[in-house]
Amino acid sequence: MSTVTHTPGGQAGPGQAPPPGRTPGRRAAVGGRAGAKFFNGFSHLFLAVWAIMVVYPLLWVVMSALKTDAEVIRKPLSLFPERLQWDNFVRAWTEGHIGSFFLNTVLVLTGSVFLTMLLGSMAAYVLARYDFPGNRLIYYMFLSGLTLPIYLAAVPLFKGVYNMGVTLPFLGPNKHLMLILVYVAWSLAFTVFFMHSFFRTLPTAIAEAGMVDGASHSRLFFSVMLPMAKPGLISIGIFNVLGQWNQWYLPTLLMQSVAGEPKNQVISQGLIELSVNQGYQSDWSGLFAGVTMAMLPVLIVYIVFQRQVQSGLTAGVGK
């Protein structure tokens, strides 16, 4: 029977077992746990700083909307007004015409998002599930729309809208229907790109079972495949709502103010007009109230549907 001896320094000699509790694997595990704790602490600190950087400006805008003009100028960074001024929202809604801009925006977004989701999902489904000559060419034509800056198309777009308005007055400049169609064309490329990848992840067996049961192609799409793509539809729908709600360049190009006509601008134009008027009226609290009313709807939409957005984004990756 052999015995294990240790050197005076506590280290195992040649051919001898190392002392308990001092194995290299144990030291590596302890070092790994220390590194993991340091990384977790750093990541939590970074996320906390990032949360403050995001939340503080939002709170600052909302609380500034409840201040007086004197407080906004005297204490610009303070979050606590001396007295809540709820009439700022009433003044911005009526005198600042935010109510009119808000309703115009809801009208335009309702039509544009619905058409974008319908046409984009139909095109993406056909391109993803059916093979036919020119399939990839059409798909790459949609993708090319993602590479074209909208500023390069400003002149031909305005000229085309103007010429169309001469022939069809209800589709000319300053018409909500024309802005809806332009929004659809602007958002269709990314919608097709996103939904094309999502439709390719759906199981083929279910589609084949539906065809065996006698479902037509349109019935299969609307009754089977589209409900299965609900997470992707919610995700891309939120992106379209946010992008079109915050769009400023296209409305400014196509919805110019005309003297003698009722205001038909959307919320982004209304905020710009309200900010310009501050040079004459000094109604800073009304401006913050208008910004708050424009910001809260999209913030609420994202908070309500954040789980669906996350599941839609990860579903296409995980499958």
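Predicted model: local features only at pLDDT ≥ 70, side-chain atom pairs only at ≥ 80, totals over all residues.

Colleague: How is the packing of two helices described?

Modeller: Two packed helices are described by the angle between their axes and by the distance between those axes. Here, helix 4 (residues 98-129) packs against helix 9 (residues 217-228) at about 95 degrees, and their axes are 12 Å apart. Helix 4 is therefore roughly perpendicular to helix 9, since angles of 65 to 115 degrees count as such.

Colleague: Which residues make the contact?

Modeller: Helix 4 contributes Leu118, Ser121, Met122, Tyr125 and Arg129, while helix 9 contributes Leu220, Phe221, Phe222, Met225 and Leu226. By class, this contact has eight nonpolar residues, one polar and one charged.

Colleague: How does one find where empty space is left?

Modeller: A probe the size of a water molecule is rolled over the atoms, and this shows where space remains empty. In this model, the largest pocket holds about 450 Å³ of space. It is lined by 21 residues, of which Gly145, Ile150, Ala185, Trp186 and Ser187 are the closest to its centre.

Colleague: Which element gives the largest share of that lining, and what classes of residue are present?

Modeller: Helix 7 gives the largest share, seven residues. The lining comprises 15 nonpolar and six polar residues, with no charged ones.

Colleague: Which residues carry the annotation "transmembrane region"?

Modeller: The unreviewed UniProt entry places this annotation on several spans, including 101-125 and 178-199. Residues 101-125 are 100% helix, with end C-alpha atoms 35 Å apart. Residues 178-199 are also 100% helix, and their end C-alpha atoms lie 30 Å apart.

Terms used
Residues numbered from 1 in each chain as written. Heavy atoms only, no water. Axes fitted to C-alpha atoms, helices over the stretch in contact; angles between N-to-C directions. Helix = DSSP H or I, 4+ residues; strand = E, 2+ residues; numbered from the N terminus. Parallel < 35°, antiparallel > 145°, perpendicular 65-115°, else oblique. Contact = heavy atoms within 4.5 Å. Nonpolar A, V, L, I, M, F, W, Y, C, P; charged D, E, K, R; others polar. 1 Å grid on protein atoms, 1.4 Å probe; cavity = no way out; pocket = protein on both sides within 12 Å on 5 of 7 lines; lining within 4 Å. Points joined across faces, edges and corners; volume = space filled by probe spheres on them. UniProt positions renumbered as here; feature names shortened; annotations may be inferred.
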